[in-house]
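The sequence and structure come first, then the points by topic.

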Amino acid sequence: MKRVLIATDKPFAAVATKKIGKVFKKAGYNVELLENYTSKAELLVAVKNAEALIVRSDIVDAEVLEAAPELKIVVRAGAGYDNIDLQTATKRGVVVMNTPGQNANAVAELAIGLAIYGIREMFSGKQGGELRGRTLGLHGFGFVARNVFRIARALGMKVIVYTRYSREAAAAIGLKVVHSLEELYAKSDVISIHVPAKGEHIRSVSCDVLKHVKDDCIIINTARKEVISEPDLIKAMSAKPGIKYLSDVAPDNIKAFEENLKGRYYFTPKKAGAQTAEANINAGVAAAEQIVDFFEHGDVGCKVN
Ligand code: 3PG
């Protein structure tokens with residue numbers, strides 16, 4: 001009987017956990033749940049006998065992998081796998097997967113929600129604006145950005161995109177692909193960031209692009225804080241008092257925002273993009289099915305290492 005550990009410091013919705021359980025029950029696997037844990041020590045103990053592990057943004061570093069000698073597969077129920085030490089996993093022969101696209105609509109709806117919140121002056125009562133007719137710039141064109149595009153179009157926004165890897169996919173649906181990040185940031189009223197925290201994307205939102213933004217630009221970040229250079233963002237916001245920044249997860253230097261940029265930022269208290277029952281069901285069940293397919297059929301379709 002295969003042993004699966006679901007370790008989520010931010011638990012799945014109960015309905016999702018039930019559906020995940022059904023997948024494993026059908027396969028005859030044993031499932032253990034470690035939810036709401038508060039220390040790494042708890043994870044290190046729980047992972048000891050696990051052959052498969054499902055996580056969300058939980059940190060799976062070398063210490064966790066070394067504490068799990070039986071581990072064959074880790075599935076990140078979600079998109080970004082920057083929380084997993086891929087190098088150590090590979091060295092130890094552990095397959096790492098994500099569940100691409102499964103929580104994308106939830107994150108996209110949050111991005112649009114933040115855009116509305118921002119353009120309405122944080123519902124402060126101050127006169128705001130409307131999204132209809134404004135230009136939305138998509139920084140990246142993965143699953144989340146494609147959902148943002150669908151919703152933004154229905155709201156009557158003009159949408160442009162900068163992407164290196166999905167230019168044809170974007171052009172094929174009539175989306176205007178701009179030539180550079182600088183051009184995207186210069187032309188957009190609202191910018192929504194959808195690139196992973198890796199490689200050339202790390203701190204790609206630096207003063208080189210921020211110096212081009214419009215005076216009243218709204219920047220939405222539902223990706224990762226690492227894709228933005230915080231000092232450069234603070235500098236840009238100080239130079240142009242109309243810029244707003246709304247993000248899923250607070251930046252490192254939250255004090256600088258509190259002290260100098262009042263009324264021009266919003267940060268979710270805890271990462272909220274994928275915090276819907278639907279996203280939990282989609283990503284969680286996909287993760288469970290991928291684990292069963294891996295053990296029963298050797299399927300490594302969503303492998304990322
Ligand atoms: C993701 O990468 O899938 C999202 O950031 C959601 O992360 P979460 O599962 O920790 O909410």
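Two strands count as paired if DSSP finds at least two bridges between them. By that rule, E6 and E7 are paired in the parallel sense, with five bridges. Helices (H or I, at least four residues) and strands (E, at least two) are DSSP runs numbered from the N terminus. The model is predicted, so local features need pLDDT of at least 70 and side-chain atom pairs count only at pLDDT 80 or more, while totals for chains, interfaces and linings use all residues. Residues are numbered from 1 along each chain as its sequence is written, and side-chain values use heavy atoms, with hydrogens and water left out.

**Seven-stranded sheet**

- Seven strands make an open sheet with parallel pairing, in the order E8-E7-E6-E9-E10-E11-E12.
- Strand E8 (176–177) and strand E12 (265–267) each have a single partner strand, so one side of each has no neighbour in the sheet.
- Strand E7 (residues 158–162) runs parallel to E8 and is joined to E8 by two bridges; Val161 has Val177 in E8 as its bridge partner.
- Helix H6 (residues 143–154) lies across strand E6 (135–139) and E7, and runs at about 170° to E6. Axes are lines fitted to C-alpha atoms, for helices over the stretch in contact, and angles run from 0 to 180 degrees between N-to-C directions.

- Buried means under 20% relative accessible area, exposed over 50%, and partly exposed in between (1.4 Å probe, protein chains only).
- Four of the five residues of E7 are buried, so E7 is largely enclosed by the rest of the structure.
- Thr135 lies in strand E6 and, at 12% relative accessibility, counts as buried.
- Leaving aside residues up to four places away in sequence, Thr135 touches Met157, Lys158, Ile160, Lys187, Ser188, Asp189 and Val190. Contact means heavy atoms within 4.5 Å.

- Four bridges pair strand E1 (residues 3–8) with strand E3 (residues 52–55) in the parallel sense, and Leu5 stands opposite Leu53 in E3.

**Cavity and pocket**

- On a 1 Å grid over the protein atoms alone, a cavity is a set of points where a 1.4 Å probe fits but cannot get out; a pocket is an open set with protein on both sides within 12 Å along at least five of seven lines, and lining residues have an atom within 4 Å of a point.
- Points are joined across faces, edges and corners, and a volume is the space filled by probe spheres set on them.
- The whole structure holds one cavity of 30 Å³ or more, and the largest cavity has a volume of about 40 Å³.
- Residues lining the largest cavity include Ala111, Leu136, Met157 and Val190; H5 gives the most, with three residues.
- The second largest pocket has about 230 Å³ of space and is lined by 17 residues, with Glu121, Asp216, Ile218, Gly242 and Lys244 nearest its centre.
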